[in-house]
Amino acid sequence: MILRLPTFIIVLGMLLSQQAWSQSRYTLSGYIKDASNGEVLVGATVYIKEIGKGATSNVYGFYSITVPAASYTVEYTFVGYQKIEKQITLDKDVRENIELPSDSEQLQEVVVIAEDEQTSKVQTVEMSTAKLDIKTIQKIPAFLGEVDVIKSLQLLPGVSTVGEGASGFNVRGGSVGQNLVLQDEAPVYNSSHMLGFFSAFNPDAVKDTKLYKGAVPSRYGGRLSSILDIRMKDGNSKDYETTGGIGTIFSRLSFEGPIVKDKGSFIVSGRRSYIDILARPFVDILKDGGALNFYDLTAKANYSLNDKNRVYLSGYFGRDNFYFDDNQGFNWGNATATVRWNHLFNEKLFSNITGVYSSYKYELQFGDDARNRFNWNSSISNFIFKPEFSYFVNSNNEINFGAEAIYYFFEPANAKGISNGQPTDISLDKRYNLETAIYINNNLTINDTWAVEYGIRYSNFQYFGPGTIYTYNDTIPGKRKTVATETKYKRGKSIVDYGNFEPRLSVKASLSESSSVKASYNRMVQYLHLISNTTASNPLDVWTPSSNNIKPEIADQYTLGYFRSIGASKQWEASVEGYYRETQNQIDYIDGADLLINEYLEGDLLSGKGRAYGLEFYVQKKKGRLNGWISYTLGRTELKVDGINNNKWYAARYDQTHNVKVAAFYDISKRWSVSADFVFVTGTPTTFPTSRYVMQGILIPDNASGSRNNVRLPNYHRLDLSFRLEGREYSRKGKERKNRDYWVFSVYNVYARKNAFSTYFSQSNERVAAGQPLQSEATQLSIIGSMVPAISYNFKF
Amino acid sequence: MFIKSFHKQLIVLFVTASLFYSCEETINPDLEDADPKLVVDAWLNNKVEDQVVKLSWTQPYLENTLPTGVSGATVVVTYDGGEVIFTEDANAAGTYRWTPTDVTSADVFGTIGRNYKLTVQVGAETFEATSRINRTVAIDSITFEFEESDPQYPDNSYTAEFWATDPVGKGDTYWIRSYKNGVALLKPSEINVAYDAGFTAGGNFDGVTFLPPLRSVNPDEEDENDEPLSPYEPGDSVYVEIHSITLEAYNFLNQVIIQTDRPGGFAELFSTPLANVSTNITNLDPNGTKAVGFFNVSAVSGMGKKLELE
């Protein structure tokens, strides 16, 4: 079957192109860019008026549309840009690169979904996606005024978090580790700075983001619940430009410009936090070599070799440092590097070949001196090779196919302890894995009513020696399993080999020009697992590959949605989507599981089933002085694991029944604008004890029925506000200023609600005299318990 | 598990990092009602002193009173060669004692590797548990250290460490119990358990000196403003005991640490969901009253030292 699939692709391709050759058709193709800085525009529209056919530019700004020979009026549009109309005679294949001037004259800026009327959300087959461009992200009020990609996504339907400070995000009831976060095609294994307070991406270097919550095209795979595709800016290919900002937490600086004008450009961006510098005089522990900081550096360059070839290089390095002194502390961070080569075989066949290196690493150390210390680091690294092809058969038919190979190298723990001068190495076996996939996807518009996108992905996962493999006795469900056998494998020897077909299907039926119904099914398979049993995901969580004991996680998701645009100029857009997802081999943990530096980790893991279902309502006003959106998600996420909650279904930690988000943007005047967001979420489930008992002078909580997540925390709600003041466009003398700047004044948690992150039960910390009862108490923790004002100054020149 | 010992240090950092925005409040939530379970607190050892088994009922979690003792039970420990009967203390309901002499203590607990069975009869119900006495290890010395500026403690503090070497052979498990001026250090943050000289079975620290975090035997002392105090002052004394425990008891105590050591604040980000700790007490009638608690028999080594300035 593996061998047959490529044959199938070739045959299919030939059949479809046969069809294309049978008429006299020509192809109009090219790149669509921003006239001011040469950035390619993703999702810009090409529309041929006479025949009512259109196409959109892909993530590299390339479009291709094949239609019968004739003379046409072609419209190029992109939200926030001026429309360009061209008369084009297609008596041969035509190459037309277009630069759209931005729409700066108009006051309103368009928010979120950047599709235009002809290819609005209503008319494409795509569903369960959300696109946020950086302009919108920059307007959303953020914690401590730091523009934040991930936090902004959490305002969209179906996306949530378990609380402030938690790393990552949850999509449609999936866990944090079930999201694939790609930055210029490179997987980012931990998307947060400072636990989960800030996201790892520098907003100055981000162009746009797209989140797939369902109906995932077959070119993506490897995670169960979502794919977040973050594209970095290419850099200004016309002029040198410096942008930056001084915020409460970070200072940012970016420099971009042409390598050769209109042929290539670069951008370098950096951020660093400086609380430790500010706090050093006041905080004792930062005195002797202590550190508390985070920074990241993003760089990218691209160059068009000629009309048919363009190369991109991008890299990212981010790090968080928490140190008491030179010997004690920890750090973590991601590093990625991506090389891409866009090649046009001809007007219809676009290809991109990507090579990626990506790694996530953390390191801890503590101890007094050289004779007594402990060092530990853990990492995941991978190398990816990914050739991808898009074949634009005609204006109604596009085929994407390609392959992906990922080589993983895991270091679960390199750990060394020196006790009283005696060193002991307790490192765990490294793990070597290869994940490969091939896929084909066809996006076909059948007629004005029907469109389908269907595809299949075949993925394979291999675990190689050298390594020691354990099997475990399944004794009592929910209790630590004991080792049954131990087998050593030699280098290169295959230990496990998993293969899965992942079918994907989406169907759209237009009910009218302004409304449609869509449905989809997809299967996703996940071979890497984020091992985390803490309340919130955190930087010490370890990724571990599938093995003889850990089966690949598999999810089947079904969605059904109704999409509608409202108003004469279609400035309103509304949708309702329902989803149902079942997962197999979902990982859970025994009570008291020991997940770090544990050779027998897999004996502490449990495997269960999950189900998540919900309804997402979304209304968006796209234009006007007041714009924004309201989203409401009604959802449920449950797990069923032998040995937990008496083997009955229980609500997952990230289950939120009601989830309401409102984001509103209003232009007060030419210089002042205000943004607000409001969040209301049902309290997340947690476990409370019923009883207490004392053992050897220690107070121990007990839940008499042994249930998990039997109560909910109080509901979470919060309002944030942000005001933006644009600097003057003209100098006092009436000249237009070359420098642009703006101030952002923001308040997070405006009415200072103490939203509960958790409630914990403990004995009070006083020592109790003999014969006196121990005091138990319940404590509610609010990570953010007050209103948080912030100010930032941003500039560009 | 070792991350627990690192926690305290992390917390100091995170509290600094929390920028003073976080807040904690004591609340009084409604908790579900539950039937009481029998609590068996039976940790015996080879010290020549009163051996005690305490029986009580579980209470509602937020009820801050002394537990109700279970009177009139029979408590017997049997082993291959004899039995020991515990008698209820007339002045303390639910406390059952056996007072050994040098000779009887050696008779009962003197053989490393011996197995024991605890039988508790309450009314018509019989509860049982088993344990085994494992080898312990002698303490070589105790040292005090002057900490001029350790971020965990106020400047110019004194800390104590004991020194001992785990014997070769994997799978020794210990509970290190310490006393300051005769008061047992039993706050959740002070529970100190070891697997060989390290923290976990997967850790492989066999036959070496106990790792530094395990060696430190410092009370978690705070003033009324929750600011840490120096663990020891000149004139204070420390007494350290290494109790051998079974693997089950080691697992139990680790679960106890996870469930009870809740320093709050940002450490909550690293905490795991509340779950019941294990027990080795079983009711012979599986449908009868449930029991919690633990039975363990330890061999104990000990050493003390007073902090005196030269």
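Me: Why are β5 and β6 of chain A called paired strands?
Reply: Pairing requires at least two bridges between two strands.

Me: What makes β3 and β6 of chain A the edges of their sheet?
Reply: The open sheet has four strands in the order β3-β2-β5-β6 (chain A), with antiparallel pairing. Because β3 (53-56) and β6 (84-90) each have a single partner strand, one side of each is left without a neighbour in the sheet. On average, neighbouring strands of this sheet are turned by 25° against each other, direction ignored.

Me: How do you know that β50 of chain A pairs with β1(B)?
Reply: Five bridges join β50 (residues 776-782) of chain A to β1(B), and at least two are needed, therefore the two strands count as a pair. They run antiparallel. One of the bridges links S782(A) to C23(B).

Me: Which residues make up the contact of the two chains, and what is their class on the side of chain B?
Reply: Chain B gives 80 residues to the contact and chain A gives 81. Among the elements of chain B that each supply at least two residues to its side are α1 (2-17), β1 (23-27) and β17 (291-298). The largest share, eight residues, comes from α1(B). By class, this side of chain B has 44 nonpolar, 26 polar and 10 charged residues.

Me: What makes V40(B) a member of a nonpolar core?
Reply: Membership requires a buried residue of a listed nonpolar type, joined to others through C-beta atoms within 7 Å. V40(B) belongs to the largest core, of 173 residues, where V40(B), L55(B) and L253(B) touch the most other members. Beyond four places in sequence, the contacts of V40(B) include L55(B), V120(B), F127(B) and I281(B). The largest share of this core, seven residues, comes from α4(B). A second, separate core of 25 residues includes V46(A), Y47(A), V67(A) and V79(A).

Me: Why should residues 1-5 of chain B be read with caution?
Reply: Their pLDDT stays under 50, on a scale from 0 to 100. Where pLDDT is low, the predicted coordinates should not be read in detail. For chain B as a whole, the mean pLDDT is 89, and 92% of its residues reach 70 or more. The model scores ipTM 0.94 and pTM 0.88.

How values were computed
Residues numbered from 1 in each chain as written. Chains lettered and ligands numbered in written order. Predicted model: local features only at pLDDT ≥ 70, side-chain atom pairs only at ≥ 80, totals over all residues. Axes fitted to C-alpha atoms, helices over the stretch in contact; angles between N-to-C directions. Contact = placed C-beta atoms within 7 Å. Nonpolar A, V, L, I, M, F, W, Y, C, P; charged D, E, K, R; others polar. pLDDT = per-residue confidence, 0-100. Buried ≥ 20, exposed ≤ 12 C-beta atoms within 10 Å, placed from the backbone.
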